[in-house]
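Hi,

Here is the structure I promised to pass on.

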Amino acid sequence: MTGPDDSHALRGVRAAELAPLPTRAHRQHRAYSCTNCGHWQRWFAHTPPPSCPVCSDVRNELPVDGFEFLRETEVDELVTTSWREAVPGVTEFWCDPVVGLGSHGWVLETAEGLLGFEAAPWYSADALAELRRRGGLRVLASSHVHGFGGLWQLQDELDPPVVSVGVHDLTWTKAFRVTWPADDRTELAPGITLHRTGGHFPGHSVLHDAGRGLFFCGDSLKIDLDEHGNAVALSAHKAFHAQIPLSRAELRSMREIVGALEFDTVFSPFEFARGVTTRHVTALVDHMLTNPPSAAPVPMDLLTTKVTVLA
């Protein structure tokens, strides 16, 4: 027979089991990572998802031999999560070996606490402990689905008050809960603003840190680096893997939005480079507007010359 104190304890356990996760996901569901692109889905515990929506999308490649997925415990055993200071006030998180597309997460120190933008594929217990030691995340945001990585895990573990993604891209956020859908311009911390650029995805957004001149470009840009980490070429695309160029209207919109932001360091979900400036990016767009549609990289040397926009 269960006494009054035991009943109280059992009620507490059951309440914890039923309490919703910050993502509002059901605790009986499991998270699965696509082995081709790394995209995480919540799905039934007894069977993996039938397919990956990111790999099935026109912008990405299908896996060669069908879909395969890894569970959380398998990814945790497979990878090591590392971190380092990329530039003062910005910490980079990544995983080895590379999982899926190999996204990197950036954590910015702001006047109101830590702001996470994009996410590494997985955060080990040590990486989560490091973020907790520094006060956790106040804001978590991403440019678009290719930068989500383990964003769902960060929300489950750290429960930041603000989780922000472009409102036009909510269809890709099933694994976590967006608490602040972003419109065309959303200030996430003093001087740090999310701007919707569209193009690659309808809700694709970039993050600009005006005080430090930092530009988190999402997939609006691809930076080619040499062996020393210096930028040697830039490109912009509708789809990188499929090499689909942006349309003329998308390029003009990108030039208007990004050309108004001052920066000298650029971070994508996969790399970062100092010395890539507003002038280089506007020159890239001007080059693309004056030539036939292309997603090919343009050498940095060419982007230092003046281009006349004809289209």
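A definition first: in the class counts below, Ala, Val, Leu, Ile, Met, Phe, Trp, Tyr, Cys and Pro are nonpolar, Asp, Glu, Lys and Arg are charged, and the others, Gly among them, are polar. This is a predicted model, where local features need pLDDT of at least 70 and side-chain atom pairs count only at pLDDT 80 or more, while totals for chains, interfaces and linings use all residues. Residues are numbered from 1 along each chain as its sequence is written, and side-chain values use heavy atoms, without hydrogens and water.

Pockets next. On a 1 Å grid over the protein atoms alone, a pocket is an open set of points with protein on both sides within 12 Å along at least five of seven lines, a cavity is a set where a 1.4 Å probe fits but cannot get out, and lining residues have an atom within 4 Å of a point. Points are joined across faces, edges and corners, and a volume is the space filled by probe spheres set on them.

The largest pocket holds about 350 Å³. Its lining has 19 residues, with Q41, R42, K174, A175 and F176 nearest the centre. Strand 2 (residues 40-43) contributes the most to that lining, four residues; strands (E, at least two residues) and helices (H or I, at least four) are DSSP runs numbered from the N terminus.

The second largest pocket has a volume of about 190 Å³. D219, H237, F240, H241 and F270 are the closest to its centre among the 15 residues that line it. By class, its lining has five nonpolar, six polar and four charged residues.

The largest cavity, about 160 Å³, has a lining of twelve nonpolar, six polar and no charged residues. The second largest cavity takes up about 70 Å³, and its lining includes H200, H204, D219, H237 and E250.

Finally, the helices. Helix 4 (residues 125-133) and helix 5 (residues 151-158) pack at about 55°, with axes 11 Å apart; the axes are lines fitted to C-alpha atoms over the stretch in contact, and angles run from 0 to 180 degrees between N-to-C directions. Helix 4 and helix 5 are therefore oblique to each other, the term for angles that are not under 35 degrees (roughly parallel), over 145 (roughly antiparallel) or 65 to 115 (roughly perpendicular). L128, L131 and R132 of helix 4 meet Q153, L154, E157 and L158 of helix 5, where contact means heavy atoms within 4.5 Å.

Best wishes
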